[in-house]
Amino acid sequence: MRVALAVVPAVSAVVGVDVSNSVSESEFSCLRTPGGQGAVEFVIARVYQSGGRVDPVGAQTIKNAKAAGIQYVDGYIFPCVSCGDAAGQVSATVDHLRSSGADFGMLWYDIENYHWGSQSSNQAFIKEMVDEGKKLGIKAGIYTNYNNWATIVGAGWNYPASQGLPVWYAHYDGSASFSDFGAFGGWSKPNIKQYLGDKSSCGVGVDYNWYPAGEDVVV
């Protein structure tokens, strides 16, 4: 499931992909070529699985993207809520990526409807992830959308936003535009939009993401 990265000036509309499977250097090189939704300029690779383990191919996928010349490469954590120890899931991921030499920009915490508990326990779990990321000194963000957020923690819960985490939101309307975004969770402006899901390009299963030209974007 956006990149870090750091704050960089966007000079034109930027297209990226998120991936949940192994992608080779040659496949990333293909994705960089114009065509379809446009040349891919950033990648977000899954680095932790909802089954409760570090993704075994995530670190190498990040390294392959970098080797193919993609500058902005992030990871996303699909947490295992039933496993508990939210902080441990973040720290295990960071330790694995660092020890593997996978140079990631930031980590995105994937908050979508999948085996969550009560809103209060969900809030505590996410807060633990956010706080552990801050403790480890990484840049982080939240992947979600209004419906998921409202169901899981309540639309008004804003702890991640209050800690400076940006939001990458999903709306598969095929439109590379933020015009559909409505404020929630303390976010009045999104960072990245996932606008096409479950696509295939260069033989790789991808979701397409976008951020606009003419502004500073955390990726």
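Six helices and 11 strands: that is the secondary structure of this protein. Keep in mind that the model is predicted. Along the principal axes, the C-alpha trace spans about 45 × 40 × 30 Å.

Now burial and surface. Of the 219 residues, 53% are buried. The accessible surface is about 8800 Å², and carbon and sulfur atoms account for 47% of that. On charge, we have 14 positive and 20 negative, with mean positions 4 Å apart.

Next, the aromatics. The whole structure holds 14 aromatic pairs. One of them is Trp 116 with Phe 125, edge-to-face, with centres 5.8 Å apart and 90° between the planes. Both of these residues are buried.

Then take Trp 149 and Trp 187. Their ring centres are 5.2 Å apart and the planes sit at 65°; edge-to-face needs over 60 degrees, so this pair is edge-to-face too. Where do the two partners sit in the chain? Trp 149 is in helix α5, residues 146-152, while Trp 187 is in the loop between β8 (167-170) and β9 (192-201). That is 38 residues apart, so the pair links distant parts of the chain. Trp 149 is buried at 0% relative accessible area, and Trp 187 is buried at 5%. Both belong to one aromatic cluster, whose members also include Tyr 159, Phe 181 and Trp 210.

Last stop, Ser 24. This residue lies in the loop between β2 (14-19) and α1 (25-31). Ser 24 is partly exposed, at 26% relative accessibility. Its C-alpha is 9.6 Å from that of Ala 67, 43 residues away in sequence.

Conventions. Residues are numbered from 1 along each chain as its sequence is written. This is a predicted model: local features need pLDDT of at least 70, side-chain atom pairs count only at pLDDT 80 or more; totals for chains, interfaces and linings use all residues. Side-chain values use heavy atoms; hydrogens and water are left out. Helices (H or I, at least four residues) and strands (E, at least two) are DSSP runs, numbered from the N terminus. Buried means under 20% relative accessible area, exposed over 50%, partly exposed in between (1.4 Å probe, protein chains only). Accessible areas come from the Shrake-Rupley method with a 1.4 Å probe; for residues, only the protein chains shown count as cover. Lys and Arg count as positive and Asp and Glu as negative; His and the chain ends are not counted. The place of a charge is taken as NZ of Lys, CZ of Arg, CG of Asp or CD of Glu. Rings of Phe, Tyr and Trp (its six-membered ring) pair if their centres lie within 6.5 Å; planes under 30 degrees apart count as stacked, over 60 as edge-to-face and the rest as tilted.
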